[in-house]
Amino acid sequence: MVRRPPRFSPPACQPLLSRETRRATGVYYTPPEIVRLIVDLTLDSGLERGPLRLLDPACGAGEVLVEPYGRLRARLCTSMSRISITGVDIDSFAVAAARSRLKAMDREFPATNIVAGDALDADLLPPRSFDVILGNPPYVNIRQLAKSLPRKRIEQLRQQFRTARGNFDLYVLFIERAIELLAPGGRCGLIIPNKWTTLDYARLCRELLLERTTIEHVVDFSSARAFAASVYPHVLVFRKEPAAAHHLVQFRDYKRKSCCRIDQRSLSPAAIHLVPALDVESRVTTQPLGQVATLACGTAGYSAQRIARRLIDRNQAEAVSGERLAEFITSGNIDRYRIRLGSVRYLNRDYIRPRLQLNIPELTDAKRRLFTAPKIVIAGMSRRLEAAWDDRGLALGVQVFAASEFSLDPFYLLALLNSKLLSYLFATRYAAKRLSGGYLAINKGQLARLPIRTISARSGDDARRDRRLRELATTWNASHEAEIDQLIYRLYHLSNDEIARVEAHFGGVRATAA
Ligand SMILES: C[S@@+](CC[C@H](N)C(=O)[O-])C[C@H]1O[C@@H](n2cnc3c(N)ncnc32)[C@H](O)[C@@H]1O
């Protein structure tokens, strides 16, 4: 059953904009619960210090200024809290809204503290002039930027910012600007897309953060619907000060279900993985999945529409009875070890047991061969890996993957793919690519790298486990699950603590392998 991610309260003030305008300008205001968390993590420990210069460089209607202003007023004298707050936004309507909200809290609040302007403009704010920077910078990718900014301005940004490289996104420039605007030792709390941890364009941004700042907290909101857009955000809190030796970054999900601390010096700018690595490859012999089987995608994205036009509902199938037909499935039809044939939702349309003609020109020979072959099918949209054996020759929609032409027993592979351990390795190694609702963003390249335990010995404990796994997977029923997982923990030589970590990831109790 699909559990819906929680919704946050709407921000108090939201401009009415079309979807296109919102995407082009990155105007998604922050829900109050997230504002409070950013302020808790960034501001409170600095409040006692008295005069404080606080900036939101993309303040919109003041969502992230109202909360700290209330807290400052409760702790500092009025005049000191008034001079503490600065906001900037490029949108003069948003600036007017922010001013009036702050004035509603304090009639004497100086309107000039909220400035209409471009926070990236080097002349607008002097470097090292703020103790705290808070906010939710615009997320606008280079394609959208190219539509809204003149080419000359984009070139200027490339000159001005070290992070404006390749297909950059505006938020990385705001991170670089925040580092520049912070006084030494100052603290910054931003909500940004989780892509900052892995995507190529953000590499220089990671380099800056790792070299020049101490990353204190990363809170993962990827599985929550924080914004009315497909964004999977992190709250990132850092101090402008190089990290001390052995400084530990605290990483947790927003529900506090899991928390881990990672030595900042162990993080690489190539990609930041914020979970302690479970390195199975160094202790047992493994081969990447892509080397023990041929991996393929179902229907390619570019032909999805054309294939959809060729689908035939069950009740129409008699009309083409002479044709070669294959039943058609999508990710939603695949469970662990089982394929549920029945209703299929594909490109926003519902079908009942749809079939696909195999002799249509839209299918390449390779796809036709793949569809008719015996294979393991793997769901591309799920919260943990789900794979099933297909010996019926099913046709596959987009976001379904297939493994065929095995050099290992396919039922052994099926047991591994459906195990908690492989799902754990997948989820933690590609943690930054999680989608809303806790779905894994599965792609073929990542599947191909999954470490598959290979066993050459014909006798001994591992050979016995291998045989037993095949037997359990071939005759699978739900009562086999626990034994399969335990056998796999032992095959990969996991310690009891590591087993407990994997089990905890699935909400289980501490388990000890047999
Ligand atoms: C994601 S919204 C966040 C607004 C507010 N901080 C909040 O959290 O609710 C991003 C804001 O950045 C503003 N913005 C975009 N580019 C900007 C720039 N170059 N300088 C200042 N503000 C900018 C937009 O007008 C928008 O109000």
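**Note on the predicted model**

1. Ring pairs join F8, F221 and Y254 into a cluster. Rings of Phe, Tyr and Trp (its six-membered ring) pair if their centres lie within 6.5 Å; planes under 30 degrees apart count as stacked, over 60 as edge-to-face and the rest as tilted. The structure holds 10 aromatic pairs.

2. Basis of the values. This is a predicted model, in which local features need pLDDT of at least 70 and side-chain atom pairs count only at pLDDT 80 or more, while totals for chains, interfaces and linings use all residues. Residues are numbered from 1 along each chain as its sequence is written, and side-chain values use heavy atoms, with hydrogens and water left out.

3. Y337 lies in the loop between β13 (325–329) and β14 (343–346), and W476 in the loop between α17 (461–474) and α18 (481–491), so the pair ties together parts that are 139 residues apart in sequence. Helices (H or I, at least four residues) and strands (E, at least two) are DSSP runs, numbered from the N terminus.

4. Y337 is buried, with a relative accessible area of 12%, whereas W476 counts as partly exposed at 21%. Buried means under 20% relative accessible area, exposed over 50%, and partly exposed in between (1.4 Å probe, protein chains only).

5. Backbone of two loop residues. Y337 has a positive phi of about 70° although it is not a glycine. R353, also not a glycine, has a positive phi of about 40°. R353 sits in the loop between β15 (349–352) and β16 (355–357) and is partly exposed, with a relative accessible area of 26%.

6. The largest nonpolar core has 83 residues. A nonpolar core is a set of buried Ala, Val, Leu, Ile, Met, Phe, Trp, Tyr and Cys residues joined through side-chain atoms within 4.5 Å. Those with the most contacts inside this core are Y171, L173, I175, W196, L209, F221 and V235. Helix α9 (residues 170–181) gives the most to this core, with 9 residues. Apart from it lies another core, of 45 residues, among them A293, I378, A403 and L472.

7. V235, leaving out residues up to four places away in sequence, touches I34, L37, I38, L190, I191, H217, V218, V219 and F221. Contact means heavy atoms within 4.5 Å.

8. A178 belongs to helix α9 and is buried, with a relative accessible area of 3%. Beyond its neighbours within four places in sequence, A178 is in contact with I133 and C188.

9. In helix α10 (residues 203–212), the buried residues include C205, R206, E207, L208, L209 and L210. The buried residues of α10 pack against α9, β6 (214–220) and β7 (233–239).

10. Helix α2 (residues 32–42) packs on helix α4 (residues 63–75) at an angle of about 50°, with the axes 9 Å apart. Axes are lines fitted to C-alpha atoms, for helices over the stretch in contact, and angles run from 0 to 180 degrees between N-to-C directions. α2 and α4 are therefore oblique to each other; angles under 35 degrees count as roughly parallel, over 145 as roughly antiparallel, 65 to 115 as roughly perpendicular and the rest as oblique. V35, R36, V39 and D40 in α2 meet E63, V64, E67, P68 and R71 in α4.
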